[in-house]
Amino acid sequence: KDTLCEGECTTLVATGGVQYEWLNADQGDCNGAYFLGGVQNNGPQSLFRFNAAGGLQLIAPTGTNRLNGNGFFCQNDEPKIYGMIRRGDDITTAIRADFAVTDARTGVTTALGDIPLPPNPYGLGGVSGILNFIGEVTTDGTYLFPALSALINPFTFQIEQFTVYIGQIDVFNHGNGSNVTYIPLTLDASTDVYMDACVEAF
């Protein structure tokens, strides 16, 4: 019997099969949960929505097969899913992506344009790329995604140095994906082992 306003939080605790229902009469299609899925290994992707009964309902095919890093954003009852379409599978295209938007009502996905790569402070021995499988949209309309640059030893192919960035795109002024701000992250020393594993995999 609790009513939450935007920006407020509460802890919900229940037993005995209690169900919670989120009501927001003014936002219509902004409610609910959307799911982008499809066959793995570059198979066709479709947009689904969980209906009121908890079932998965097909909305439509997206017309793409490499859509990742999706974040839901809704304003004025216009639900949209922002994400990235990976350019390809080889080493030069897998690190690049197009900024994309999916209409959550129709499933129509539009590639807006190429996202510029993050800075490469390491010169000829360095490489930079976008981690196009993770993305999120903040409540104020900022699309966030990780990226990195790395210095690679040309003889051993080991990563000697790296910089991790958070890329930011304003969904209201995205410039077809070109208006990106990259913010370098200072990593806590306690995360070195994890970050080394991520960068090595990248």
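Strand 2 (residues 45-50) and strand 3 run antiparallel to each other and are joined by 5 bridges; strands count as paired if DSSP finds at least two bridges between them. This is a predicted model, so local features need pLDDT of at least 70 and side-chain atom pairs count only at pLDDT 80 or more, while totals for chains, interfaces and linings use all residues. Residues are numbered from 1 along each chain as its sequence is written, and side-chain values use heavy atoms, with hydrogens and water left out. Strands here are DSSP runs of E with at least two residues, helices are runs of H or I with at least four residues, and both are numbered from the N terminus.

Within the pair, Phe48 sits across from Leu58 in strand 3, and Phe50 has Leu56 as its bridge partner. The hairpin that strand 2 and strand 3 make has 5 residues between the strands, and Gly54 adopts a positive phi near 90° there. Put together, that gives an open sheet of 3 strands in the order 1-2-3, paired antiparallel. Strand 1 (33-38) and strand 3 (56-61) are at the edges with a single partner strand each, so one side of each has no neighbour in the sheet. From one strand to the next, the twist averages 30°, taken between lines fitted to C-alpha atoms, with angles running from 0 to 180 degrees between N-to-C directions.

Zooming out, the chain has 1 helix and 12 strands, and from the N terminus the elements read β-β-β-β-β-β-β-β-β-β-β-β-α. Of its 202 residues, 36% count as buried. Among contacts (heavy atoms within 4.5 Å) with a separation of 6 or more, 42% link residues 24 or more positions apart. The chain exposes about 12300 Å², of which carbon and sulfur atoms supply 54%; areas come from the Shrake-Rupley method with a 1.4 Å probe.

What about the inside? In the largest nonpolar core, which has 18 residues, Tyr82, Ile115, Tyr143, Phe145 and Tyr182 touch the most other members. Strand 5 (78-86), strand 6 (97-103), strand 10 (142-152), strand 11 (159-170) and strand 12 (180-184) each put at least two residues into this core. A second, separate core holds 8 residues, including Leu36, Leu47, Ile85 and Ala104. A core here is a set of buried Ala, Val, Leu, Ile, Met, Phe, Trp, Tyr and Cys residues joined through side-chain atoms within 4.5 Å.

Two single residues round out the picture. Ser149 belongs to strand 10 and is buried, at 0% relative accessible area. Its side chain reaches the backbone oxygen of Pro119 at 3.5 Å. Leaving aside residues up to four places away in sequence, Ser149 touches Pro119 and Tyr122, among others, as well as Gln161 and Phe162. Thr139, in the loop between strand 9 (136-137) and strand 10, counts as exposed because its relative accessibility is 76%. Thr139 and Cys74 are 65 residues apart in sequence, with their C-alpha atoms 8.7 Å apart in space.

How values were computed: Buried < 20%, exposed > 50% of the residue type's maximum accessible area, 1.4 Å probe, protein only. Polar contact = N/O pair within 3.5 Å; in protein donor to acceptor, adjacent residues only side chain to side chain.
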